[in-house]
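Trainee: I have a new model open on my screen and I'd like to learn how to read it. Can we go through it together?

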Amino acid sequence: MAQQPSGGSLHLTPFRTLVVAALFGGLAGWFLVVTTNAFDLIPPEVPWTAPIGLILVAALVGVLAYSTHQRIQVRHERMEPQRAVAFLVLGKASAVAGALVAGGYLGFALMFLTRLDAAAPRDRVIRSAVAIVAGIVLCVMGLLLERACKVPTEPDEGADGGEGDDLEA
């Protein structure tokens, strides 16, 4: 006989996870500049499509977070479990990816802060700064989507309903 899967719960993405992702991203951005300089290469330019793409993805995740919040938290409608889990995974992935990207562009931009008098380093810093903000926005939108997937507790469960940061899956 096959066992029935028990209802589990997931925790919201811890702040520590986002900090670690940002640190790894920052190290990667720093390492990219150091490596290109070590081989006497020119560090890559930051195209405007990078922050624009991040902003578009963040906007899509934000719209999804808003509609999910309205559906689950405000109107108390049910959602198919597979869809809810997919949204939850998308929220977690967006939060971690946003932190990773923001950290990466921060590490990249910090390497050019001492050379702002030249046009190319200044452009790298400006575009990286926009990408950092876009990465932070993506992280926040991912966290909002993750929280929108939280199943509200029933009124009769309120006495010992738990920690308040569990997500049912």
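Trainee: What ground rules should I keep in mind?

Mentor: This is a predicted model, so to speak of a local feature we need a pLDDT of at least 70, and side-chain atom pairs count only at pLDDT 80 or more, while totals for chains, interfaces and linings use all residues. Residues are numbered from 1 along each chain as its sequence is written, and side-chain values use heavy atoms, with hydrogens and water left out.

Trainee: How far apart are the end C-alpha atoms of helix 2?

Mentor: The expected span of a helix is 1.5 Å times one less than its number of residues. Helix 2 (residues 49-74) has 26 residues and should span 38 Å; its end C-alpha atoms are 36 Å apart, which agrees. Helix 2 is followed by His76, whose phi is positive, near 55°.

Trainee: Which residues of helix 2 are buried?

Mentor: Buried means under 20% relative accessible area, exposed over 50%, and partly exposed in between (1.4 Å probe, protein chains only). In helix 2, the buried ones are Pro51, Leu54, Ala58, Val61, Gly62, Ala65, Thr68 and Ile72. They pack against helix 3 (81-110) and helix 4 (119-148). Thr68 counts as buried because its relative accessibility is 2%. Leaving aside residues up to four places away in sequence, Thr68 touches Gln73, Met79, Phe87, Leu145, Ala148 and Cys149.

Trainee: And Thr49: is it buried or exposed?

Mentor: Thr49 is exposed, with a relative accessible area of 61%. The C-alpha atoms of Thr49 and Ala131 are separated by 9.6 Å, though these residues are 82 apart along the chain. For the whole chain, 32% of the 169 residues count as buried.

Trainee: At what angle do helix 1 and helix 3 cross?

Mentor: Axes are lines fitted to C-alpha atoms, for helices over the stretch in contact, and angles run from 0 to 180 degrees between N-to-C directions. The axes of helix 1 (residues 15-38) and helix 3 cross at roughly 35° and come within 6 Å. The residues of this contact divide into 12 nonpolar, seven polar and no charged. Here Ala, Val, Leu, Ile, Met, Phe, Trp, Tyr, Cys and Pro count as nonpolar, Asp, Glu, Lys and Arg as charged, and the others, Gly among them, as polar.

Trainee: How does helix 2 cross helix 3?

Mentor: Their axes come within 11 Å and cross at roughly 150°. Helix 2 contributes Ala50, Leu54, Val61, Leu64, Thr68 and Arg71 to the contact. The contact residues divide into eight nonpolar, two polar and two charged.

How values were computed. Helices (H or I, at least four residues) and strands (E, at least two) are DSSP runs, numbered from the N terminus. Contact means heavy atoms within 4.5 Å.
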